[in-house]
Amino acid sequence: ITITGRKVVLKDSFRERVEKKLSKLDRLFDRDADAIVTVTQEKNRQTVEITIKSGGFIFRAEETAYEMEEALEKVVDVLVRQIRKNKTKLEKR
């Protein structure tokens, strides 16, 4: 997991929360999966972008909210939805 902050200083508590949230997705990916988390601050809005690369698949989601934690919750939900959709699609084939 690579965590980057643009125009914002990330606290250790936020980093721990990101690792905790993404650790729930570990069971869906192989060991070679890479997660890139980018947090950007624009005026009073926070944008959290997560890109996961694994086995030729790329899952990417981006959400904007007034709080970093809120944006993180939304973006993880979107990623889980994408991964489940792709998994069921592959199972049907």
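The legends below describe close-up views of a predicted model. Residues are numbered from 1 along each chain as its sequence is written, local features need pLDDT of at least 70 and side-chain atom pairs count only at pLDDT 80 or more, while totals for chains, interfaces and linings use all residues. Side-chain values use heavy atoms, with hydrogens and water left out.

**View 1**
Helix H2 covers residues 68-92. Helices (H or I, at least four residues) and strands (E, at least two) are DSSP runs numbered from the N terminus. H2 has 25 residues and reaches 36 Å from its first C-alpha to its last, close to the 36 Å expected at 1.5 Å a residue; the expected span is 1.5 Å times one less than the number of residues. Its buried residues are Met68, Ala71, Leu72, Val75, Val76, Val78, Leu79, Val80, Ile83 and Asn86. Buried means under 20% relative accessible area, exposed over 50%, and partly exposed in between, with a 1.4 Å probe and protein chains only. An α-helix has 3.6 residues a turn, so residues three or four places apart point the same way. The buried residues of H2 pack against helix H1 (12-23) and against strands S2 (34-42), S3 (45-54) and S4 (57-65).

**View 1. The crossing of H1 and H2.**
The axes of H1 and H2 come within 11 Å and cross at roughly 10 degrees. H1 is therefore roughly parallel to H2. Axes are lines fitted to C-alpha atoms, for helices over the stretch in contact, and angles run from 0 to 180 degrees between N-to-C directions. Angles under 35 degrees count as roughly parallel, over 145 as roughly antiparallel, 65 to 115 as roughly perpendicular and the rest as oblique. H1 contributes Phe14, Arg17, Val18 and Lys21 to the contact, and H2 contributes Met68, Glu69, Leu72, Glu73 and Val76. Contact means heavy atoms within 4.5 Å. By class, this contact of H1 with H2 has 5 nonpolar, no polar and 4 charged residues. Ala, Val, Leu, Ile, Met, Phe, Trp, Tyr, Cys and Pro count as nonpolar, Asp, Glu, Lys and Arg as charged, and the others, Gly among them, as polar.

**View 2. Arg15 in helix H1.**
Arg15 lies in H1 and is partly exposed, at 31% relative accessibility. Leaving aside neighbours within four places in sequence, Arg15 is in contact with Ile3 and Leu10. Ile3 and Arg15 are 12 residues apart in sequence, and their C-alpha atoms are 7.4 Å apart in space.

Ala61 lies in S4 and is buried at 4% relative accessibility. Beyond its neighbours within four places in sequence, Ala61 is in contact with Val48, Glu49, Ile50, Val75, Val78, Leu79 and Gln82. Arg60 is also found in strand S4, but at 41% relative accessibility Arg60 counts as partly exposed. Not counting residues up to four places away in sequence, Arg60 touches Glu49, Ile50, Thr51, Leu79 and Gln82. Arg60 and Ala35 are 25 residues apart in sequence, with 9.6 Å between their C-alpha atoms.

Thr40 is in strand S2 and is buried, with a relative accessible area of 16%. Leaving aside neighbours within four places in sequence, Thr40 is in contact with Arg6, Arg45, Gln46 and Thr47. Ser54 is in strand S3 and is buried, with a relative accessible area of 8%.

Most residues other than glycine have a negative phi. Lys7, not a glycine, has a positive phi of about 60 degrees. Lys7 is in the loop between strand S1 (2-6) and H1 and counts as exposed at 74% relative accessibility. Phi of Lys43 is also positive, near 55 degrees. Lys43 lies in the loop between S2 and S3 and is exposed at 81% relative accessibility.
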